[in-house]
Amino acid sequence: MHTGIMQRQRAKDSDEVSDVDLYARLPLEDAVAQEALSALYRRYSQRIYTYCRKILGDNHIAEDLLQETFIKLFDSGKQGRIIENFPAYLMTIARNLCLSYRARNKRAYVQVEDFHLTARDVPYEHKELLHLIHASLELLPEDYREAFVLREYNGLTYNEISEVIGESLDVVKVRIFRAKKKLRDILAPYLSDLNDNS
Amino acid sequence: MTPLNPDEALYAFVDGELELGDEQRLFDALASHPELRTEMKDVLAIRNAVHRDVLFPPASAETEILAATGLVAPVGVGAVAVAASPTLLSRFLHTGGGILAGVIIAYFLFNTEDSSIVNGSDTKSGNAQAGLGQGAQSTQLSDVQTGATPPPVAAAPVRVETLYVRVKDKAPKSVTSIADNGNEAANAEQTNPNITNAAPNGGDFSGIASLRITTAPSLYMSSSSSLAPGGLFRDTRWSEASPLMAGVVDAPYSIRMRSLPSSVGSDRRIPQSVNDAVLANAAVAFLYPVMHDVRVGAEVGFEAYHQVFTTLRDGRPVEVDQTPVLAWFGGTAEWAPSEFDLLLTGLRPFASLTGGYALAQGPMGNIVVGLQYQPLGPLRMSAGYSYGMLGFRDTGNWFVSKKYGFTYALSVDL
């Protein structure tokens, strides 16, 4: 039990450490490195997984790429690499892996069953709207979709997105604007009905 | 810098990226353009919906990453992934419930057996006449050839509607039905038109006094092979009794091992949980014969079920996609009519039905329909198509997972 308390305390401590400091601990001894990697995983796994899932449309591939992303992160940390913007760096690793995967496997990524939602707790209109958003995302050009996912699903700022995708801030702004505008135009009739009913 | 148009300003504002100097222009535009206000509502609705759409990686992903980096030992082979259950007691009760259901099914099926069926040992002990005149009676002539049992004679009025004939070489062409017809003249032999098998190989019916019955009942043949003390041999029986009721006594126990559909499509990567399991989709059953060609028993299996559902985590809807390998226990019933021979001797249709409880998950069941082949010997091979369902709970809601696919089985009669 004492060990459990210590572990929880260590986890709490590592939660208060900055991303860059945790990353700097990866080359240290195994116990410290494991703790640091676990803390980084807790912070970013959901975002990386969501990004891979939304870009590639397959849960299992997203899981694979999530794993690869953190292994690459660990390897780079072991080499003592210095980074300043950790979220952008991590997202860049994930993005490059997704792009490589997509280049290797050119096919339609989104599987209909992946959008099958069954939760009774989610209001029906929300489920339906999510279905429509998923379907509409598929209609967007890949660049626009990526910008939208990084902004809305990953919560990155325009500057961070610019860093991740290696494009200027203006390009990012335009892509996000056009992605959202196109999405809204597609969904406008449904949203109008939704607003009228509510 | 070119000032943003109201559309661009609106989207930048929603994203928190609008310059302070542009905000007032946007507010002015919102005040004077109702369509811009509608657009803002729509944008916020989309944003809210997207923010509810949270995805979490599987719980095992972190361990797999740590193992891949060498920071922790890999997950042990054979791990069975199951969802959390409230208490150990509930797991025990659920598992016990599955077994109990199987036992109850077996009990009721077993108790439908007609007590008037008399087996060979009853004949030997002279109980063959018990329950005379009460309809379907059967006795076994398997011992006639060995002379162990005195054959019924005309002087002793015995009505025998069913004959079991054990032949070691060839099946009989005709089966002698022996019946008491009151004071009618006896010692008549009738060839049953329903029998079309080959001629008897010197079948020792000559010593059997027989009576003609005017309405010869239909006879059913049942075959089974077993591991007898003297080695492998196949029993062939003829029975007039209901095909569901005859041939029970000598039918052997059996053990059935079978595969189950994988629940992982060929276009999908095999999940780690399935890779790690020693028996990802297999089951073994002990079966007991209760009716003609019907066996029931208990079965235990390990089975992967692909589960995709949306649930709540910390008040937010989360899509879960997992393929746990579940342990389950239950009852099973198998039907394989041995009187059928499809193209090959011993090739017959079969069906099985299984119901039980998956540990820490919920009720499950599957049905299989296919073909069974039993060449000479105690082995029966089956192949068929299976459809299975699993009910499971998460945060108070029930979900259903289904799967189907080909399955094969090997049964050994004991």
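In which strand of chain B does Val400(B) lie? I find Val400(B) in strand 15 of chain B, where a strand is a DSSP run (E, at least two residues) numbered from the N terminus. The model is a predicted one, in which local features need pLDDT of at least 70 and side-chain atom pairs count only at pLDDT 80 or more, while totals for chains, interfaces and linings use all residues. Residues are numbered from 1 along each chain as its sequence is written, chains are lettered from A in the order in which they are written, and side-chain values use heavy atoms, with hydrogens and water left out.

Surface entry. I note that Val400(B) is exposed, with a relative accessible area of 52%; exposed means over 50%, buried under 20%, and partly exposed in between (1.4 Å probe, protein chains only).

Core entry. I looked up the largest nonpolar core, which has 67 residues, a core being a set of buried Ala, Val, Leu, Ile, Met, Phe, Trp, Tyr and Cys residues joined through side-chain atoms within 4.5 Å. Its largest share, 13 residues, comes from helix 3 (residues 30-56) of chain A, a helix being a DSSP run of H or I with at least four residues. Leu37(A) and Leu73(A) are among the residues with the most contacts inside this core.

Interface entry. I see that the contact (heavy atoms within 4.5 Å) takes 51 residues from chain B and 53 residues from chain A. Lys181(A) and Glu39(B) meet through their side chains in a salt bridge (2.9 Å, N to O), which requires a side-chain nitrogen of Lys or Arg within 4 Å of a carboxyl oxygen of Asp or Glu.
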